[in-house]
Amino acid sequence: MTELFAFLLTGLTVGFVYALVGMGFTVIYNASGIINFAQGEFVMAGGMIMVFLLAGGIPYLPAYLLAIGLTALLGVLLWKLTDLSRDSSQESLIILTLGYAIFLRGAAEVVFDKELHTLPPLLGEGHLTILGATLSYQALLVMAASVLIVAGLWFFFRRTRTGKAMIAVSLDPDAARLMGISLKKIWVLSFSLAAAIASVGGILLTPITSTNYEVGIMLGLKGFAAAITGGLSNPFGAVAGGLILGIMEALVAGYLSSEYKDAVAFVIMLLILFFRPGGLFSHRGVQRV
Amino acid sequence: MRALARRWNLRPALGVTALILALVPWMLSNDFYYEIAILALFNAMIAVGLNLLMGYAGQISLAHGAFAGLGGYIAAILTGRYGLAPLFSIAVSLGIMALLAYGLARPILRLRGHYLAMATLGVGIIVSIILNNEEELTGGTDGMSVESFSLFGHTFTESWEWYLLAALHLLVLLWLAQNLIESPLGRILRSLHDSERAPASVGVNVARYKSLVFVISVVVAALAGSLYAFFSGFISPQEAGFNRSIELVVMVVLGGMGRLYGAVIGAVILTLLPQLLTSFEDYQTLIYGAIIIGVMIFMPKGIVSLFDRWRRRG
Amino acid sequence: MLEIRNLTKRFGGLTAVDDISFRVAKGHIHAVIGPNGAGKTTLVNTISGVYRSDGGSVWLDGADITDTPTDQLVYRGICRTFQNLEICGGMTVLENVMLGFDRYLSKGLWPTLLRSRRLLEDERRYTERAMHLLGLIGIRDYAHQEARNLSYGILKKLEIVRALATGPELLLLDEPVAGLNPRETAEVAELIRTIVADEVTVILIEHDMRMVMDLSDRITVMHFGKKLAEGTPEEIRNDPEVIEAYLGGRR
């Protein structure tokens, strides 16, 4: 029982990070129809920038804000590049964003280094004991921050003018433009928002799992799997998707095989794509003829 | 045959390619150069096969690295562990890969665009995780050594022998691919790229031809992957990894999607690139990424499109 | 030749095709008309296997062909065109027509890869026929141009030619003149007459009232998914219900 509970807690912690990455995917996808394969690199960038800002002697809070801000700026930069692209076929865009991912990885190698880095836990090394299972303060922080971000985004999309405009764009870009919504603004916003969300995930996760220039690959792909599992058209589906993947992964690692834990997310994603391509929560098939 | 003639007549291109392949060995002054040339030829084979799927039929695959690598592993294991003759183990490997591709084709190729990209990516990653973890069979992350390649009692040891083998394979493949493209079957494949309803409305069983081209491209990848494994005498999970799959896709796109010789040019450039960049060791990934971004932004139709422009003017 | 019995198609709560029945006689032009949203295109899509029906059946010369996939219908002599063009833009006009001959051409892997003589011979023969067809409707000059660069009018004609290439006995034309100018409309009408003269039966889904009245042997009128009336052009013209539906539809 305690064991199961411990696995669930681990799964939830990681699951929330997948959820944050997955939400970033859906935010950009809904605003622009682009799948940004560099989403995982935003996570990496957040963590790495934070590490090096702290190492440069900048205090925690300013470093934190600066890391998020710089990553968001990176998002804007990627949008600017995407905007330059003349050919907008889906294949080209997929490869373009894969190019971003490789470029950012290469840049991290050069600007920072290839070493493994970690951060001191924000609330110290302490932990809670729940039903015999331990939960570090940092993991708790990951969950709390994720819940806050999800709630914030919910508020943003449902209650604010800009958020509603983003939803409108995803439903019908032409109609939205006719209503006076600036598509460019929405696109820039979606890229920076997705980058910012991911960077928070990266910063909070670093004390738990450490980070290096390559950490974004797997996180990005699993975040994508989370988004597919929950349904690409729905940011909150990605949260559920992320949590499901995180928990399943932890359970497989705990009870079956730790070697194959990385495959879990992709197996689930494939099953979803084969049998319910619109995501777990959809009523109808998508992208089928 | 006007109906089948594309912007370029492909026939002379095959002759030119053969001529270039015959001349290249004079530039290969040592075994290291040979090694790179041979790798480029095998890459070109995979890219030509992948181009049939991606460029012509319009179905993206982010798993072809995995298919090539898995094909190589199967052939290597059959020879190394079970003592099968290399030729026979390659044949078995291709058979297995064809079946695998056929089984995957229906559920996967029902998807399109991003969903198809993601599904193939998922398959590729699962394959690479399996190769990494089944240490008993594959040697795990460290990879495994592969027996030397022998054919009818003759063992391939010299670089030039391998070069010849690879070049012949590529030429035959190009000839077959050309015949395929310039045929009713090729016309169906190209129609899939633009609209699936159009071919269906004139009696084409769309799913069947998508499966066919998928199987063909996987078999070609597995063939090149197997031969390369025997050539290098070693195979590791990197050969089947996500980055490898991306690299192959970039070859096709860099050269020009849906252009037969574009894939060859893309493969050659992308194989040489890391060699040219060795002096910038730390910047290699960065430059590689920048090239992909630059090509996609400024030359989305690939390098071959530059020749088109030049030709139109001339 | 074709009989539709109580065909029904629902989308969620909406019944787009509601219990439609009619017979199409061989060699006839049978038009299906109705105001926008009457379910005409859904009817075509359900007959041609794009959508799965929710009730009723479709019979061809006494054989049940309900829910047969589009591609298999071609082998039973039924071919369709699309209201919104489905042309392969990256291929030339000629290649698009050649695609229409697909059922007559060998796609065997070995003959293809080894470039068999028969394959080449067939290809040349059918290329000639394709050029002939293109000549008949006056777009031969565009044969070697990429379809994506051509005007809507040419592509509309091209789609009919491509359908003809399959050698159909029954042709379903979904709004073949929508978006065409009067001259092009007249040309397409003429083309449809020629097609029927060759003993091809036509089901014509159309908006253009004048063309329908001129061409059709029989007309079925749809309204909100249901069959409102059926008869000769003369009968339809004078049917008070039809007049009401059309005037009501325009209000």
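This is a predicted model: local features need pLDDT of at least 70, side-chain atom pairs count only at pLDDT 80 or more; totals for chains, interfaces and linings use all residues.
View 1. Chain B exposes about 12,200 Å², and carbon and sulfur atoms supply 64% of it (Shrake-Rupley method, 1.4 Å probe). The chain carries 20 positive and 17 negative charges, whose mean positions lie 25 Å apart. Lys and Arg count as positive, Asp and Glu as negative, with His and the chain ends not counted; each charge is placed at NZ of Lys, CZ of Arg, CG of Asp or CD of Glu.

**View 2. Fold of chain B.** There are 14 helices and four strands in chain B (DSSP runs: helices H or I, at least four residues; strands E, at least two). The radius of gyration is 19 Å, close to the 20 Å that the globule rule gives for 314 residues, so chain B is as compact as a globular protein of that length (C-alpha atoms; 2.2 Å times the number of residues to the power 0.38).

**View 3. The largest nonpolar core.** This core has 221 residues, and Phe42(B) and Tyr163(B) have the most contacts inside it (buried Ala, Val, Leu, Ile, Met, Phe, Trp, Tyr and Cys joined through side-chain atoms within 4.5 Å; buried is under 20% relative accessible area, 1.4 Å probe, protein chains only). Helix 10 (residues 206-232) of chain B gives the largest share, 16 residues.

**View 4. Surroundings of Tyr163(B).** Beyond its neighbours within four places in sequence, Tyr163(B) is in contact with residues including Leu21(B), Val24(B), Tyr34(B) and Leu41(B) (heavy atoms within 4.5 Å).

Residues are numbered from 1 along each chain as its sequence is written, and chains are lettered from A and ligands numbered from 1 in the order written. Local features need pLDDT of at least 70 and side-chain atom pairs count only at pLDDT 80 or more, while totals for chains, interfaces and linings use all residues; side-chain values use heavy atoms, leaving out hydrogens and water.

Notes: Buried means under 20% relative accessible area, exposed over 50%, partly exposed in between (1.4 Å probe, protein chains only).
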